[in-house]
Amino acid sequence: MRVASLNESLRNRLGNALTPNGRLQRVWRWLAIVWLLVLIGLGAQQWHLWKSQSRIDTDILALLPQDANDRLLSDVTRRIADANARQIVVLLGSADAAQTKAAEQAFRASLRDSVEGKALLVESGSIEGWFEQARAFYAPYRDRLLTSDQRQRLQAQPVDGLAESALAALYGPMGAPRLTEWRQDPLSLWPQWWQERALGSGLRVGDDGLLEADGKHWSIVQYDTVGSAFQLDGERHIDTLLDAATAAADRQAPGLEVLRAGVPLHAEAAAVQANREINTIGWGSLAAVLLLVWLAFRSLRPILLVAASLLIGCGVALAVTVLVFGKVHVLTLVFGASLVGVAEDYGIHWFASRQAEPADRRWKLLRHLLPGLWLALLTSALAYLALGLAPFPGLRQMALFSVVGLAGAFLTVIFWFPWLDGGEIRATGFSRWLGNTLERWPRLHGRKAVLFLGVVAVFSAVGIARLGSNDDLRSLQSSPKTLIDQQIRISQMLGMPSPAQFYLVQGDDAEQVLQREEALVERLRVLSTRKQIGGYRAISDWLPSRQRQHADAALTAKVEPQVLGKVGQAVGEPLVRPDYAAQDLDADAFLASPAAMPFRHLWLGKVGGGLASVVMVDDLSRTDALTLLEAQAEGIPGVRWVDRTADFSKLLKHYRKLMSVLLLVGIVLVFAVLYWRYRAQAWRVFAPTLVAGALTLALLGLFGQPLQLFNVLALMLLLGMGIDYGIFLIEHRGDASAWLAVCVGAASTWLSFGLLGLSATPALRAFGLTLLFGIGLVWMISPLFRPPPHDAPQ
């Protein structure tokens, strides 16, 4: 009773102050002006900020949490992603090599002659001419470049046998192709070294320089985007350019097959998809809200003012988000588009109450509504802020965007509506009908309530028993299937390893890193020979450690002069081995040379307190591949197997469980607050949301939808928003205008999140589907537990 009397006292004081002659009314006028100035200032600041560059981010990694226990891996993952973040690879394939060449020229010419092509794409990374440059670079170090088989052969085979092989290579008509003069490499070691590396790359390149795969000759074309791959505007710029170039190439080679891959293509596809969904969800929600407002009030003024509050709320949310984070993720905008269905509650509640009040009583009406509006804002804001508890940068952006958007719409309603809404709001047939449906809605109490809850419990138990979980990061993939299929095929044809699984090799200096990598490579070579993996990419294959260089140089310096001596005796003239570089092949010199171009991304350089490299593995399709590869790192200091997909999946599982616990804690805390306010009537406010949450989980289970972190976060949001309906019904019990506001607000919220459930982004779809069920159910169930009109809160 003391709480109720304090609340009534607060209302009386506000009522006295907010009368036309009240002093606070003048303060309210200044607050409205201050709010207008804040909006003008934010608008000017944002115009200046967006004029310089786009602030929209589509990088999917920006949504993922940073592993607080291993910042090193987060840094390494980002470096690997950045290495190819701007690269686009296009393969042009035809059964006729000449047609493939002609198609390549037409493709390049189309992009080169396009004004937009020059602005967006630049040719890069061509391997044409690379072999000649690499051969010239390695030539002085030929004596210390040996394969594992060559090393064993030189150590085990007698000199006489080696000399016979060298003599056969000198005079044999079918000798192996040579890369040097015979005397510089009498045992043909260097061609074999190059051949092993070519086989290791998985590439089968013909004499014409074209890739041979799937019965076709393929040309490889590479481009880099100008600027960041993730700063896009939602239009198909790159895709359109590539389509035009493909059409030009197809005219030169009918039946040409074209494959595309690259991070920029996925980023653009995400931006285009998000732009489409923003329009669908945002404008669709706005249209639905305005239609409901029109049906309820049949007046232009409510439509314009509610629309203004929504646009101002979203605009302020965007401005503050950019100010705090420096940019706004495109999925934040998609999620924020559904905010329309929540932020309109304040305006609709105002106009629903105004239907029963004349214009000159609107200040008293404001006094009457403020406690409920503040409580509704608080519960919704807390629900959205709960999203920010998980260390997901994307979710924290969404939480900030939503809370600020709600606050912006709320402040617009309470500061401006009393001044701008000076006319009369007549009751419409639709609003009277909808408001009167409350009396026809059944009210459950006693045995009926117990029976209803019992049926809900049984149904929920059956559905929840069938509810599984899926925390696999790959289930959140939203790129178009055709693009993913092309990416997989190109990766197989070019032997491109997955950037999400790799070995991280660390050491105090370059020599230690290379020695540890060589120890790992020896194990991987065994797996590759057994066909347990497709292959691997290691920089130590191209940059041996000094220790290995010394050993191999000493071995060739010992064996080759003996072989030359034997062959010299056979041919009747002395043969002298030429001198090679006195210095070892140095890491800095190698990385700075053109020879390192295809492999430079494997060298991370300074990481933590030392240096590091990565070893990547091809073809992880075997079911036991990941377990097998993880075992290869055991016993080698500084080497660890990294599976970022599994790491992020474990992190998603961890936070799903953590947020589930926090949801249960939140349920207890919310009930405690409601009990403090409503005492014995608290269950009437709380039961609808709890029942709706249980039924939502049951429906997800029955429909075969797995439980993910985003379902749990949606349930937290349901807890905050669903309570509002019960609060409005018990604060304004028996009031048809309150039920009208609940129905119009719930319907618009339900439509907004229903549209979010249509999103092609799995995370947003899971979120929207959960709230589609939850909001609809709590809307239908809330009036069942409303108290009788004559009961007052305890």
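**View 1. D214 sits in the loop between β4 (211–213) and β5 (216–225).** Helices and strands here are DSSP runs (H or I of at least four residues for helices, E of at least two for strands), numbered from the N terminus. This is a predicted model, in which local features need pLDDT of at least 70 and side-chain atom pairs count only at pLDDT 80 or more, while totals for chains, interfaces and linings use all residues. Residues are numbered from 1 along each chain as its sequence is written, and side-chain values use heavy atoms, leaving out hydrogens and water. With a relative accessibility of 52%, D214 counts as exposed; the classes are buried under 20% relative accessible area, exposed over 50% and partly exposed in between (1.4 Å probe, protein chains only). Leaving aside residues up to four places away in sequence, D214 touches R489 and M493, where a contact means heavy atoms within 4.5 Å. A95 is 119 residues from D214 in sequence, yet their C-alpha atoms are 9.5 Å apart in space.

**View 2. D552 and R151 form a salt bridge, with the closest N and O atoms 2.8 Å apart.** The rule for a salt bridge is a side-chain nitrogen of Lys or Arg within 4 Å of a carboxyl oxygen of Asp or Glu, and by this rule the count comes to 19. The pair links distant parts of the chain, with D552 in helix α21 (residues 546–571) and R151 in helix α7 (residues 148–156), 401 residues apart.

**View 3. R260 meets D243 in a salt bridge of 2.6 Å, N to O.** R260 belongs to strand β6 (residues 257–262) and D243 to helix α10 (residues 237–252), so the pair ties together parts 17 residues apart in sequence. R260 counts as buried at 12% relative accessibility, whereas D243 is partly exposed at 33%.

**View 4. Within helix α24 (residues 644–678), look for D647 and R644.** Their side chains meet in a salt bridge (3.1 Å, N to O), and the two residues are 3 apart, about one turn of the helix. D647 is partly exposed at 24% relative accessibility, while R644 is buried at 3%. Elsewhere, salt bridges that share partners join D143, R144, R546, D584 and D586 into one network.

**View 5. S782 lies in the segment after α28 (762–781).** At 3% relative accessibility, S782 counts as buried.

**View 6. W30, I33, L36, L37 and I40 make a nonpolar surface patch of about 530 Å².** Patches take residues with over 30% relative accessible area and no salt bridge, joining like charges within 9 Å and nonpolar side chains (Val, Leu, Ile, Met, Phe, Trp, Tyr) within 5 Å. The areas come from the Shrake-Rupley method with a 1.4 Å probe, and for residues only the protein chains shown count as cover. I33, one of the patch residues, is found in helix α2 (residues 23–52) and is partly exposed at 36%.

**View 7. Residues 1–7 keep a pLDDT under 50.** pLDDT is the predictor's confidence in each residue, from 0 to 100. For residues 1–7 the model has 5 contacts beyond four places in sequence. Residues 13–21 also stay under 50, with 19 such contacts. The protein averages a pLDDT of 79, and 85% of the residues score at least 70.
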